[in-house]
Amino acid sequence: MTETVIDVRDLVCRYGDFEAVRGVSLDVARGELFALLGTNGAGKTTTLETLEGHRKPASGTVRVLGADPIGERVAVRARTGIMLQHSGFAPDLTVIETIRLWGDLSTRDGSAEHALERLDLGHRRDVRVKQLSGGERRRLDLAMATYGDPPVLFLDEPTTGLDPESRKRTWDVVRDLLSGGTTVLLTTHYLEEAESLAHRLAIMHEGRIAVSGSLTDVLARRPASIRFDLPHGVAAGDLPVLSGDVDGAALTAGQVRVDTRELQHDLGAVLDWARNRSLRLSGLRAAHASLDEVFHAVRDGATVNEEVGVR
Ligand SMILES: Nc1ncnc2c1ncn2[C@@H]1O[C@H](COP(=O)(O)OP(=O)(O)OP(=O)(O)O)[C@@H](O)[C@H]1O
C-alpha cells in the first residue's frame, strides 16, 4: 500500500475577506513528486505555506507525515526541507558560512560540503553570497532545503530565473532525491518542468484545483488533434466520417483540422481512407493535447471544476 506523506483536505485560506484558496484537496505518496501549476495568484504559494506551517487554514486539514504542521511544528519542521520563492541571505557571509550557519540552526544532521557539492556549488564555497549569480543563489537555496536529506521537500518555483542548463541540473538533483524516496511538492510556472518531473500534477485557478491527475489524465481533458493538407482534387464532402469535429474555416483554406476525443479511431479512419484512394497526406500530424493547451483552457475557464484522477 502506498503511504500518503502529504494530505490536504478541503483547504480554505483567507486574507481578510478574500478567499485565496477555496477548498483544495490533494495527496502525495512517498517518493512521489506532485507539481502544483496555476495562473498567477491561483493560490499555490498560499497552499504551500499552510503545509509548511507558516499559515493557519481558515478551514480544512493539512497533514505532513501524519502530523499537523502548526500543532506539531517542531516534529514536522525537522523532517521537511523548504525552498521559498524568495529567500533572504546575509550578503556578506560566504557560501560555506551560510550553509554551516543553516546547519547549526537545523535540527537535522548533515554535511555542508555534501549539500554544496550536490548542487555543484563546491567551487563557490568561499565566495560571498552577494557575489553569486541569481542562478547560484537559487542553487544555494536548494542546497539549504536539502541539507541533511529531509524525507519531504517543498519547492516553491525552484528554477525560476535559472538558465536552461542550470534548470536541467536542478531537475537531475530532484530526480536523485526522488529515487532515494524523498517526497516532493513543487510549484512551478514552467510546464516542461512538471512534464519532466511530476508523477502527478494539478492546475489551480482562482483558488481551486481545476484539473489534476497523472500527465496522461490531465492531457486527456482536452481533445487530441489530427491535421493534414486537403489533398488536391478532394472535396470536403469526400472526407471520411469521423467522431471528432472538423474545422470548417480551416477546410475552406485547404487544411483539414480535426479535434477528437477518439484519436486512435479517427486517425485509423483517415489512414484507411487515404490508402484506399492512394492519397498522400502532406503535413499529416496527430497529437494529444499539450499541457500548454490544457493550461490555457483552464485559464480561460474551460475545464474548471472538472477534477480527474484524484486518488
Ligand atoms: N499577504 C497577503 N495579503 C493579501 N492577499 C494576499 C497575500 N498573499 C497572497 N495574497 C493573494 O492571494 C492570492 C493567492 O496568492 P498566492 O501567492 O498563493 O498565489 P500563487 O498561485 O502562488 O501566485 P504566483 O504564481 O503569482 O506566485 C492572490 O490573489 C494574492 O494576491
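The residues of the shell around the ligand split into four nonpolar, six polar and one charged. Here Ala, Val, Leu, Ile, Met, Phe, Trp, Tyr, Cys and Pro count as nonpolar, Asp, Glu, Lys and Arg as charged, and the others, Gly among them, as polar. Keep in mind that this is a predicted model, where local features need pLDDT of at least 70, side-chain atom pairs count only at pLDDT 80 or more, and totals for chains, interfaces and linings use all residues. Numbering starts from 1 along each chain as its sequence is written.

So who's in that shell? Tyr15, Phe18, Ala20, Gly38, Asn40, Gly41, Ala42, Gly43, Lys44, Thr45 and Thr46 are around the ligand; a residue is near a molecule if its C-beta atom, placed from the backbone, lies within 6 Å of it. Two or more residues come from each of strand 2 (18-29) and helix 1 (44-51), and helix 1 gives the largest share, three residues. Helices (H or I, at least four residues) and strands (E, at least two) are DSSP runs, numbered from the N terminus.

Zooming out, the protein chain has domain 1 (4-79 + 151-219) and domain 2 (224-288), with bounds from an automatic or database domain assignment. Their C-alpha centres lie 40 Å apart.

Next, helix 6. Its residues, 164-179, number 16, and the helix reaches 22 Å from first C-alpha to last, close to the 22 Å expected at 1.5 Å a residue (the expected span is 1.5 Å times one less than the number of residues). Arg167, Thr170, Val174 and Leu177 are the buried residues of helix 6. They cover an arc of only 75 degrees around the axis, so they sit on the same side of helix 6; the arc is that of the directions from the helix axis to the C-beta atoms. The face turned away from that buried side carries the exposed residues Pro164, Glu165, Asp172, Asp176 and Ser179. Buried means 20 or more other C-beta atoms within 10 Å of a residue's own, exposed 12 or fewer, and partly exposed in between, with C-beta atoms placed from the backbone.

Then there's a hairpin. Strand 8 (residues 200-205) and strand 9 (residues 208-213) run antiparallel, joined by five bridges; strands pair if DSSP finds at least two bridges between them. His205 stands opposite Arg208 in strand 9. Two residues lie between the strands, and Glu206 in the turn has a positive phi of about 50 degrees.
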